[in-house]
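Take a walk through this assembly, chain by chain. Begin with overall form, then move to single elements and residues.

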Amino acid sequence: MIKYFKDIFLGAQSLLVGLWVTIGYMFKPIVTVQYPREKNKIPPAYRGHLEFTRDPETGGSRCVVCLRCVQSCPSKCISIDWEIKGEKRKRILKSYVQDFTRCSQCGLCVEACELGAIRFSNEYELVGFAKEDFYFNLVKMLEKR
Amino acid sequence: MALLPPEFIRILISSVLIVSFVFLNAMILVYIERKVAGHIQRRPGPMEVGPHGILQTLIDGLKLMGKQIIFPDNIDKPLFCIAPLLAFVPAVVAFVVIPFSPKLQAVDLDMGIIFILALASLNVLAILLAGWSSNNKYSLIGAMRSVAQNIAYEIPMLLSLLAVLFMTNSLSMKSIVEAQKPLWFIVVQPVAFLIYFIASLAETNRAPFDLPEAESELTAGFHTEYGGMAYGLFYLGEYANMVMVGAITTTFFLGGWSGPPLPYMEYSGAFWFLAKVYFIVFSMIWFRWTFPRVRFDQLMNFCWKIMVPFGLVNLMITALVLKI
Amino acid sequence: MNQGPARKNEHIYTLNMGPQHPSTHGVLRIILELDGEYIITAEPVLGYIHRMHEKMGENRPYPRFIANMSRLDYVGPMLYNHLFTAAVEKLSGIEVPPRAEHVRIITAELSRVASHLLWMGAFLMDLGAFTPILYTFDDREAILDLLESVCGARITFSYFRFGGVCNDISADFIEGTRAFIKLLRTRFPMYEKLVTKNIIFEKRVKDIGVITPEMARLYGVTGPALRASGISYDVRKNEPYSIYPEFEFEIPCGENGDCFDRYIVRMLEMEQSLRIIEQALDKIPDGPVMAKHAPLKLHPAPGETYFTVESARGEAGLLLISDGSDTPYRLKLRTPGFSNLSVLEELAKGILLSDLVAIMGSLDLVIPEIDR
Amino acid sequence: MLIEDIKKELEELKPESLERKNYSSEGYHWDITLSRETLQDFARVMNRNKFFIEDVCGVDLKEDLQVLYHFAHTGELCRITGRIFTSKNTPAIPTISNIFPGADWHERETFDFFGICFTGHKNLKHLLLPEDADITPLRKSESELKSLDDLTRKPSQRTLKSKLMWPVVFENYKRRPPVKHGREEKKS
């Protein structure tokens, strides 16, 4: 009989303690970020889509078409087109397309690039109406920038 | 107009007022519930439509009205259609006898509380019909749970109300309020108040007793198959029931419209009445966002092993004290 | 009407729980035979998000499989990163610089805490409490922010590489982690008040879904579910990998093996993880985070290796059979969730539907990990 | 020591081979090759010594199909791998799910991926694959198959062949111009 009343008392007490916690949190400030108006700070290490770094000397990209990024990609989402020019049969980059719909942002391509020609952008607000909107041509993007 | 008897006009006006009161209340309550839930969970709640999202529920209601009601295969169509109405209408009709202030009461029935309780138990029927006619096993389990739960909890609820009725010697809502002029019954009958409050949580299927709709077990319980305004009516019915519970608690335990005097107290007493109702409703919301759900057998154990004995003892003590 | 003898059991009916059901945590389907609300048999049906990771592993060179490991278990991905990279390092004998080992342990333990926090919220959500999940998400968010600052992703980390990790941690990260540990420690008493001591919660989970030590052994249940039964088996202690032996921590154990003990064990484990992180932060040496001669394209010598780590849900194992080429010949994943779930069939006999939800919650099911 | 004690019991099974493996490289202590008759006895020995089942795993080899059973112990560090071979055309192995109920699902999974029939299994139907699937996804094509000999470690061999595609990538890691992700470039 004593246990019966003790259980009721302790149970009620535990419930009141729980209520006290939630009412306390009700008057604490909000922790969510109101997205379109506020924005989170994106850390510099953020993995967005790929983009070229600019070579300060030429103003173009540093890419020498060694194809290591292509070979290291697990999802085979990078396609590079090039032409061979000159006496030294140097490869000249024509287009560098990343199929972002298939990219898994593992970072292997960026690490494979010894010249540091590619990097991750901080772009995270990506929308589009078609799959093709996410085929990023890095060469053109560099020219626009 | 002259041909209409004045009584008829009075009925018309009061029913329009009550229906709009219930609708408005439901809308406000949905908003309050979402805001309270949001702030308890440290997020702002609806913020987009109108300042601080104040029009959100209106828009949601419009959206629900615009939606098609989907009838699944092999349902019992007439019952499927009746159930949401049955959930909503009695909840509204019961407001007829609620005394908002000395002069704001549609009808002062002699047996007001019996009228309310009778209508409130129709709610079970609505849930049972909804669960049965949906041709969905989750709905059926939810409905069966609801029936067992509501029937069980009606007993402690009546026991606690009976203790108050012993003291007032009247079933009329108005006279119950007036009997509390010297002292609110929550002071005299704290146990009855607690029992009534807990039982009413179970009656309205609010957490932690929201077993009929327990969404982690039964997806959405009895209204799994409902959509559009049919679902909306269940929702309105639930909120109307919440206000009803708040109103009964206020009338029975919190002294109804009484409070610090305001000008035109015959009418403005409704302010105090509503304030108390909203306080009760707020605590129901507060409970919901704090506690986990109880299990079905625990719910029954709690009712039969704790609530009913306490209610009976309370009733006996009340009777004894009154007799002496 | 069919009046055959089959009508003898007419009060027994079948209920399909899932694949779309709020408390099956994804796409698990359970075929229930119910008598009223009591369960007679429960048969889990898997494979709704089976992606054949093992075949994918056989088809691609070792480094390219790292990205898959985060997809395997999205709740504690760092631990699976650790599993795969360490297994391959073991197979091919790559050594990892000490700083990288420390970074690995810090991030992996953070991931474990994040996983347990998410589990706790989801478990309480199953029991019908809506609010704790948002509090735990708030805490978990801090971990994800930390991990994002170091590896750039929030869920699918792909942070570990053979021979180290891909980014070094900054001083900000160390400071942030210390601040987070302080913060989380202040939150534990709140969780205790709100959840652990709550009478409804206690009644819902105590003596429910008891896994006896013998049962756990026969089914191969590991992780917190096993430790709740009172067996102190943790791969980090029993079969130390990486630099875990250098740290002081305890293996919290339960007694009864019920849902409540599984909850308590996980709560205590978070504290132990915080201890490990603290010690690792204190000890972390300077130096490179990547081995010097770590190749991007591996050709491990033929042979096989079996490697296990303690993931957030139990013992995660990886069998790698190499044939000397750059792709594994056979890659077998032993995921703890798979074994832990297989015990459900036996646990579910004769309990209520609500208890099944509690048990499934307490087993911490992550369906992608189970289906692989 | 459990590792030594178990040896006697394993030898009593008269296995086709019983090898002590190097734990630090292979990850387990004993490697035992069983036959169809001794598999159940092996499971019983494991059960008697309180081992728990880790997994059942098939491997497609040039000669035969191989099934691996991994056992571990919760008290002491001791891992045992049981191997059993079965022919490719009519793969059938006795089940151990009557002794270790946990093996049930693992065997069903192996049945899914390799089409190996576990005789005596109560509920041998597809677990991860669709019910009507008639594929064996993890069996390899003829050209990919390797024999067991190619897959075993030879003591003379170095663990890592230096046949790398590009010599040493991460040596140049530091030499690489520092890459800053994101859009800082715009400012300059």
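Accessible areas here come from the Shrake-Rupley method with a 1.4 Å probe. On that basis, the accessible surface of chain B comes to about 13800 Å². Carbon and sulfur atoms hold 75% of that surface. The model is predicted, so every value below is computed from predicted coordinates.

Stay with chain B. Of the 324 residues in chain B, 55% are buried. Contacts can also be sorted by distance along the sequence. Among contacts in chain B with a separation of 6 or more, 76% join residues 24 or more positions apart.

B:Thr251 sits in helix H11 of chain B, which covers residues 228-253. Is B:Thr251 buried or exposed? Its relative accessibility is 0%, so B:Thr251 counts as buried. The cut-off for buried is under 20% relative accessible area. The side chain of B:Thr251 has a polar atom 2.4 Å from the backbone oxygen of B:Ala247. Which residues does B:Thr251 touch, once its neighbours within four places in sequence are left aside? The contacts are B:Pro99, B:Met173, B:Ile176, B:Val177, B:Gln180, B:Gly256 and B:Phe273.

Now turn to chain C. Chain C has 15 helices and eight strands. Its radius of gyration is 21 Å, close to the 21 Å from the globule rule for 372 residues, so chain C is as compact as a globular protein of that length. The C-alpha trace of chain C spans about 75 × 50 × 35 Å along its principal axes. Buried residues account for 72% of the 372 residues of chain C. Chain C exposes about 10600 Å², and carbon and sulfur atoms supply 54% of that area. Of the contacts in chain C with a separation of 6 or more, 72% link residues 24 or more positions apart.

Chain A is next. Chain A has four helices and five strands. From the N terminus on, its elements run α-β-α-β-β-α-β-β-α. How does the radius of gyration of chain A stand against the globule rule, which gives 15 Å for 145 residues? The radius is 27 Å, well over that value, so chain A is more spread out than a compact globule. The C-alpha trace gives the dimensions: about 100 × 30 × 30 Å along the principal axes. The domain assignment gives domain 1 (1-31) and domain 2 (50-144) in chain A. The C-alpha centres of these domains lie 58 Å apart. Buried residues make up 43% of the 145 residues in chain A. Chain A exposes about 8700 Å², with 59% supplied by carbon and sulfur atoms. Residues 24 or more positions apart account for 68% of its contacts with a separation of 6 or more.

Look inside domain 2 for a local detail. Strand E2 (residues 78-85) and strand E3 (residues 90-99) of chain A pair in the antiparallel sense, over eight bridges. One bridge joins A:Ile78 to A:Gln98 in E3(A). The hairpin of E2(A) and E3(A) has four residues between the strands. In this hairpin, A:Gly86 takes a positive phi near 80 degrees.

Helix H3 of chain D covers residues 39-48. Its buried residues are D:Leu39, D:Gln40, D:Phe42, D:Ala43, D:Val45 and D:Met46. After H3(D) comes D:Lys50, with a positive phi near 60 degrees. Five pairs of chains are in contact, and chains C and D share the most contacts. Chain B and chain D have no contact, and their closest C-alpha atoms lie 24 Å apart.

Methods. Residues are numbered from 1 along each chain as its sequence is written. Chains are lettered from A and ligands numbered from 1 in the order in which they are written. This is a predicted model: local features need pLDDT of at least 70, side-chain atom pairs count only at pLDDT 80 or more; totals for chains, interfaces and linings use all residues. Side-chain values use heavy atoms; hydrogens and water are left out. Domain bounds come from an automatic or database domain assignment. Helices (H or I, at least four residues) and strands (E, at least two) are DSSP runs, numbered from the N terminus. Buried means under 20% relative accessible area, exposed over 50%, partly exposed in between (1.4 Å probe, protein chains only). A polar contact is a pair of N or O atoms within 3.5 Å; within protein, one must be able to donate a hydrogen and the other to accept it, and residues adjacent in sequence count only if both atoms are side-chain atoms. Contact means heavy atoms within 4.5 Å. Two strands pair if DSSP finds at least two bridges between them. The radius of gyration is taken over C-alpha atoms; the globule rule is 2.2 Å times the number of residues to the power 0.38.
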